[in-house]
Amino acid sequence: MDVPLDTYHIELQKQSSLLLAPPQRGVSGDRLIDLESWLPITAADRSANWKHAAFHNVTAMMGAGVLALPNAMVYLTWGPGILMLILSWIITLFTLWQMVEMHEAVPGRRFDRYHELGQEAFGPKLGLWIVVPMQLVVEVGVDIVYMVTAGKSLQHAYSITCGDHCQLQDSIVFWIFLFAIVQLVLAQLPNFNSIAAISLAAAIMSISYSTIAWAIPAHYGHTLPGNIELLQPVSYDFPPFKPVQLVQAGGSAVQKAPEDLSTADRWFGAFTALGTIAFAYAGHNVVLEIQSTLPSTPHEPSKIAMWRGVKFAYGVVAIGYFPVALIGYWAYGNQVTDDIITFVSRPTWLVVIANLMVVVHVIGSYQIYAMPVYDMLESTLVGHLRFNPSMLLRLVTRSLYVSFTMFVAMTFPFFAALLGFFGGFAFSPTTYFAVIVFGVVLMFVSTIGGFRSLMTEAANFHFYT
């Protein structure tokens, strides 16, 4: 039997560029298949509720970037740092509310994809070229960062538990590969509803490791666990040097200071810090896709349940972000490094648990950001290149995507620099768009800072080791 197609979606995509091809009916035996019912974003049965929206948003927003917030405070200091945290929370909540409202702004239509809203605003062709490249940079960039995050967390947990002979201690490539294997399996789950349980577990883990990240410095104060002394007394001035750590068996951490930071280093560090904060307030690029899983009626549109979930999620974000940033900076001042959990290093058992929680969280968050990318790839392959929608196509397409993000993560495993670069280049314009000047300035300076940090880190890095 012929399945009716959504004429609005077809018309939008018929006029689009090759980036997203017009939906076509693929043939499977004697039966015609509606592409919209097969693609991951629109295949969901819209049976979710505000709780699903809440933990999907927590998983998407409350990322591992929270662990770098104390280090961002190092380069911004108390006043500008607190101001940026508060402004970012308020502005991004406001812009997220705008998107929730616009999901059904046109009567009888639901903008289930971020680019569909762009097409409505700027036209079918221009909307795609404005929105899709930036959205892809955000979503692919997040997945690359999460590959690196998982690799570093697995490596750290292994390093402090394996004893004196850790053959894989210095090989982050192996741990990124291990994480990628898990993602290759989960990538075959068809849509948002199928990853609900994973997303819930990820949301719980993000809340848990964020709590650990501020509880340890709150308990131990201005000394590291295990009576390990800081290099200098705690100071909140601009950092005179960039502290690094050598994590050894049993959780001990030896701090050392390389060369002093120049004035330029501090300025570029501040630019990167702005990008780190922008990255922390993520989630806008998948909010419409999350809202598409909710039912909607004239009496109770989807925005009611979605906004309830968003408010809950932003409450969780505030409870997680502000204590981590402020307590971590208060405890260790300008000596804290770009991962607060790695920095404290002890109690060993608690740090190991926290690192494994980070891994569980990014397992779920990776798929939240990958789902719209799968949707674009599969739409293009089936709609424009005339592939038949099948499990084999899904297996090959998604496996290639996971492999690509794994390869880039193995090549550039620089956590803080990647946060600053992607946070500035893509998150700022897509998250802070309501305040145009603020978003443009943030994008410009934090991208510069993040790019310079990438170049600095890569200069002394031995690739694929």
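Helix α3 (residues 50-61) and helix α9 (residues 196-220) pack against each other at an angle of about 60°, with their axes 8 Å apart. Here a helix is a DSSP run of H or I with at least four residues, a strand is a run of E with at least two, and both are numbered from the N terminus. The axes are lines fitted to C-alpha atoms, for helices over the stretch in contact, and the angles run from 0 to 180 degrees between N-to-C directions. The pair α3 and α9 is therefore oblique; angles under 35 degrees count as roughly parallel, over 145 as roughly antiparallel, 65 to 115 as roughly perpendicular, and the rest as oblique. The crossing of α3 over α9 is left-handed, a term used if the near helix is turned anticlockwise from the far one by less than a right angle, while clockwise gives right-handed.

Before we go on, please note that this is a predicted model, in which local features need pLDDT of at least 70 and side-chain atom pairs count only at pLDDT 80 or more, while totals for chains, interfaces and linings use all residues. Residues are numbered from 1 along each chain as its sequence is written, and side-chain values use heavy atoms, with hydrogens and water left out.

Which residues make the contact between α3 and α9? On the α3 side they are H52, F55, H56, V58 and T59, and on the α9 side A196, S199, L200, A202, A203 and S206. Contact means heavy atoms within 4.5 Å. By class, these residues divide into six nonpolar, five polar and no charged. In this scheme Ala, Val, Leu, Ile, Met, Phe, Trp, Tyr, Cys and Pro count as nonpolar, Asp, Glu, Lys and Arg as charged, and the others, Gly among them, as polar.

Now look at helix α4 (residues 69-76) and helix α5 (residues 78-102), which pack at an angle of about 130° with axes 7 Å apart. That angle makes α4 oblique to α5, and α4 passes α5 in a right-handed crossing. L69, M73 and L76 of α4 meet W78, P80, G81, I82 and L85 of α5. This contact has seven nonpolar residues, one polar and no charged ones.

The loop between α4 and α5 holds T77. Its phi is near 65°, a positive value in a residue other than glycine. Is T77 buried or exposed? With 15% relative accessibility, T77 counts as buried; buried means under 20% relative accessible area, exposed over 50%, and partly exposed in between, using a 1.4 Å probe and protein chains only. R386, also not a glycine, has a positive phi of about 65°. R386 sits in the loop between α14 and α15 (391-411), and at 52% relative accessibility R386 counts as exposed.

Helix α5 has another partner: its axis and that of helix α12 (residues 302-332) come within 11 Å and cross at roughly 170°. The two helices are therefore roughly antiparallel. Their contact includes W78, W89 and W97 of α5 and W307, Y314 and F322 of α12. By class, it has 20 nonpolar, one polar and two charged residues.

Let us step back to the whole protein. It has 17 helices and four strands, and 57% of its 465 residues are buried. Among contacts between residues at least 6 apart in sequence, 82% join residues at least 24 apart. F174 lies in helix α8 (residues 172-186) and is partly exposed, with a relative accessible area of 31%.

Finally, come inside. The largest nonpolar core has 111 residues, and those with the most contacts inside it are M147, Y332, I340 and I341. A nonpolar core is a set of buried Ala, Val, Leu, Ile, Met, Phe, Trp, Tyr and Cys residues joined through side-chain atoms within 4.5 Å. Helix α14 (residues 348-383) gives the largest share of this core, 16 residues. Leaving out residues up to four places away in sequence, I341 touches residues including L67, Y209 and A354. A354 is found in helix α14 and is buried, with a relative accessible area of 0%.
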